[in-house]
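The paragraphs below walk through a two-chain model, one chain after the other, and then turn to the contact between them. The model is a predicted one.

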Amino acid sequence: MTVVALRPKAKTMADAAPKNVIDVNELSLVFQTNDGPVNALSNINLAVGGGEFVSFIGPSGCGKTTLLRVIADLEQPTSGSISVNGMTPSEARQKRAYGYVFQAAALYPWRTIAGNISLPLEVMGIPKAERKDRIARNLELVNLSGFEKKFPWQLSGGMQQRASIARALSFDPHLLLMDEPFGALDEIVRDHLNEELLKLWAKTQKTVVFVTHSIPEAVFLSTKIVVMSPRPGRIHEIIDCDLGPERTLDIRETPKFLEIAHRVREGLRHGHSYDAAHL
Amino acid sequence: MRRSPLAVVAFALAAASLVLPTGADGPGFLFFSAPAIVFAAAAVALFVPPSRASLIALLILVHVAAFCLIGLLGAFATSGPAIGYWCSVIGAWLLAWLAVQRLAALRFKSPNMQRLSNLALPVLFGAWLLILWEIIVRGFGVPTILLPPPSMIAARIAASIPTLWADFQQTFLKAAIAGYAIGCGSGFIAAIVVDRVPFLRKGLLPIGNLVAALPVVGIAPIMVMWFGSYWESKAAVVVIMTFFPMLVNTVAGLAASGAMERDLMRTYGSTYIQTLLKLRLPAAMPFIFNALKINSTLALIGAIVAEFFGSPIVGMGFRISMEVGRMNVDMVWAEIFVAALAGSLSYGLITLIERAVTFWHPSYRT
């Protein structure tokens with residue numbers, strides 16, 4: 001009955017506001033630590049539209065992972081407001097609105113690859129026949145067909161991370177939250193997975209929010225780059241990255257790519273010097 | 001060919017035993033054959049290049065020699081064994097040592113052969129422990145009340161199988177297993193409750209540690225007063241001994257899953273029960289099996305010791321305390337043997353189940 005009551009409300013909200021998947025307004029988050037309060041996020045304003053690929057980039061401590069975790073309802077903001085699909089993050093999480101990919105693959109070692117991809121489907125009570133179907137489909141999407149019966153520890157790091165992406169996609173969320181998913185991988189594997197991720201994004205039309213500390217990765221993947229700076233964690237600049245939908249690794253040599261990368265680098269440097277002036 | 005110093009010493013001892021007096025009565029078959037076979041084994045070890053065939057020959061010769069040396073122990077009616085006999089014994093022992101060393105160094109292609117050789121090593125070790133025990137105790141005439149020879153214990157086991165079985169049934173099949181199941185089961189359930197209710201973790205766990213430190217000799221008489229002298233009181237002692245290892249290990253195990261894995265379940269909107277069943281319990285399994293293994297030995301000890309404080313006229317602990325009083329030390333050793341056998345078999349069984357359940361753990365991965 002609550003579902004019936006909620007639906008029209010959610011709809012009117014979505015109609016009233018512009019069609020943003022994520023809306024963040026004056027959001028701040030203060031962690032209480034033993035060394036006193038830490039301003040992890042300060043006055044964040046951000047809108048992410050449907051089908052966008054948005055990257056958060058910044059040095060460590062700038063709050064990019066914290067912001068992603070606030071969107072995922074894994075951290076609670078101290079002030080300000082945030083909506084995900086027109087709901088609170090908590091409601092969005094309960095409705096399984098997003099898939100989350102962590103820094104490590106975090107596959108359960110006692111489950112096979114197929115079993116790991118089946119995990120969210122089991123939690124969500126999807127019947128067995130459909131689970132099987134979805135496992136096959138999503139393994140194919142990340143080029144892991146044939147590895148269903150392997151255990152995670154029998155696969156390379158890159159394959160494990162691909163399996164974890166298949167797991168996040170298995171219940172078909174419209175929003176994909178990725179926290180430095182390729183940070184622990186070597187550059188060759190990383191380039192390859194970046195290309196695959198772009199293809200996947202083009203194929204599935206999902207909205208992606210991607211945390212990284214690599215400038216080329218951010219420019220190569222994104223439609224919008226959010227440059228963040230530390231102490232207190234805040235958004236320094238938002239750079240549009242209109243390199244078009246068809247991107248190959250070669251694009252990284254073009255003047256336009258280099259220009260955007262330069263702007264991101266400048267933005268990061270300014271964020272830092274501002275920080276240094278405060279010190 | 002580099003000769004092993006073990007083989008050189010063994011050969012010298014075997015050669016000496018051919019000429020030195022053994023002290024055995026009258027010339028008989030064993031009088032000649034025992035030193036001769038030791039000498040033959042030493043010759044094989046020293047002069048035949050190491051190979052699988054020579055290793056098998058050495059193993060056979062050395063065990064026939066041990067058999068003859070034990071047989072020769074019956075021929076010391078007039079005097080104790082003399083220097084020649086001990087030379088043979090030490091020589092045979094060194095040769096067995098050498099054979100085990102060579103067996104341990106072998107690598108087999110077929111996994112079954114490798115498994116067989118892995119099994120043979122502890123069996124050979126155990127066999128030589130018994131052989132030397134037999135020879136030393138009988139050769140030096142150690143009083144059987146201090147330490148009976150293995151042959152005497154074996155004879156006692158063979159002669160009292162019905163009694164041993166009744167004791168085993170009473171102490172192991174009834175008291176230990178019932179107490180183990182109840183203790184481990186309730187420890188497990190308590191751990192889940194403690195994990196769910198934070199104030200219990202702070203309040204109950206320290207008291208749990210206190211109870212875990214209670215000595216079994218203090219608990220057992222009280223349990224006999226509470227539950228009577230039948231097996232139920234022994235099971236109660238076992239419950240008390242096994243409850244807290246299970247509780248503490250399971251609580252630690254439930255905390256073993258990583259923060260990232262738990263966040264993952266949270267992003268799925270998973271319920272408490274789902275997270276428990278799909279993440280935290282599987283992650284806790286290595287800890288739970290640790291407790292099951294610790295408790296399998298504790299249960300047997302608890303059940304046996306508890307019987308010292310009042311029991312019907314059956315049970316392993318009852319038999320041990322009674323037969324010690326009657327100076328029937330061989331029966332005490334027979335019960336010890338049964339307890340050791342039951343203890344290692346149950347431990348082994350739990351280890352096998354553990355391997356099947358926690359196959360994914362880094363220590364078992366293949």
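Helix H10 of chain B, residues 231-254, can be examined in the same way. Its 24 residues should span 34 Å at 1.5 Å a residue, and its end C-alpha atoms are 33 Å apart, which agrees. H10(B) has a kink of about 25° at Thr242(B), shortly before the proline Pro245(B). Of the 24 residues of H10(B), 21 are buried, so this helix is largely enclosed by the rest of the structure.

The C-alpha trace of chain B spans about 85 × 55 × 30 Å along its principal axes. Buried residues account for 37% of the 366 residues in chain B. Of the contacts in chain B with a separation of 6 or more, 78% are between residues 24 or more positions apart.

Chain A has nine helices and nine strands. Its radius of gyration is 19 Å, close to the 19 Å that the globule rule gives for 279 residues, so chain A is as compact as a globular protein of that length. Along the principal axes, the C-alpha trace of chain A spans about 60 × 50 × 40 Å. In chain A, 43% of the 279 residues are buried. Among its contacts between residues at least 6 apart in sequence, 70% join residues at least 24 apart.

An unreviewed UniProt entry places the feature "domain: ABC transporter" at residues 24-251 of chain A. Over residues 24-251, chain A is 34% helix and 28% strand, with the end C-alpha atoms 32 Å apart.

One residue of chain A gives a local view. Ser170(A) is in the loop between helix H6 (157-169) and strand S6 (175-179) of chain A. Is Ser170(A) buried or exposed? It has 24 C-beta neighbours inside 10 Å and therefore counts as buried, the cut-off being 20 or more. Leaving aside neighbours within four places in sequence, Ser170(A) is in contact with Ile117(A), Pro120(A), Leu121(A), Arg134(A), Ile135(A) and Asn138(A). Val209(A) is 39 residues from Ser170(A) in sequence, and the two are 17 Å apart, C-alpha to C-alpha.

What remains is the contact between the chains. It takes 18 residues from chain A and 15 residues from chain B. On the side of chain A that touches chain B, helices H3 (89-94) and H4 (113-123) of chain A each supply at least two residues. H4(A) provides the largest share of that side, three residues. By type, the residues on the side of chain A that touches chain B are 15 nonpolar, one polar and two charged.

Definitions and conventions: Residues are numbered from 1 along each chain as its sequence is written. Chains are lettered from A and ligands numbered from 1 in the order in which they are written. This is a predicted model: local features need pLDDT of at least 70, side-chain atom pairs count only at pLDDT 80 or more; totals for chains, interfaces and linings use all residues. Helices (H or I, at least four residues) and strands (E, at least two) are DSSP runs, numbered from the N terminus. The radius of gyration is taken over C-alpha atoms; the globule rule is 2.2 Å times the number of residues to the power 0.38. A residue is buried if 20 or more other C-beta atoms lie within 10 Å of its own, exposed if 12 or fewer, and partly exposed in between; C-beta atoms are placed from the backbone. Two residues are in contact if their C-beta atoms, placed from the backbone, lie within 7 Å. Ala, Val, Leu, Ile, Met, Phe, Trp, Tyr, Cys and Pro count as nonpolar, Asp, Glu, Lys and Arg as charged, and the others, Gly among them, as polar. UniProt positions are given in the numbering used here, feature names are shortened, and annotations may be inferred rather than shown by experiment. The expected span of a helix is 1.5 Å times one less than its number of residues. The bend at a residue is the angle between axes fitted to the seven residues ending there and the seven starting there.
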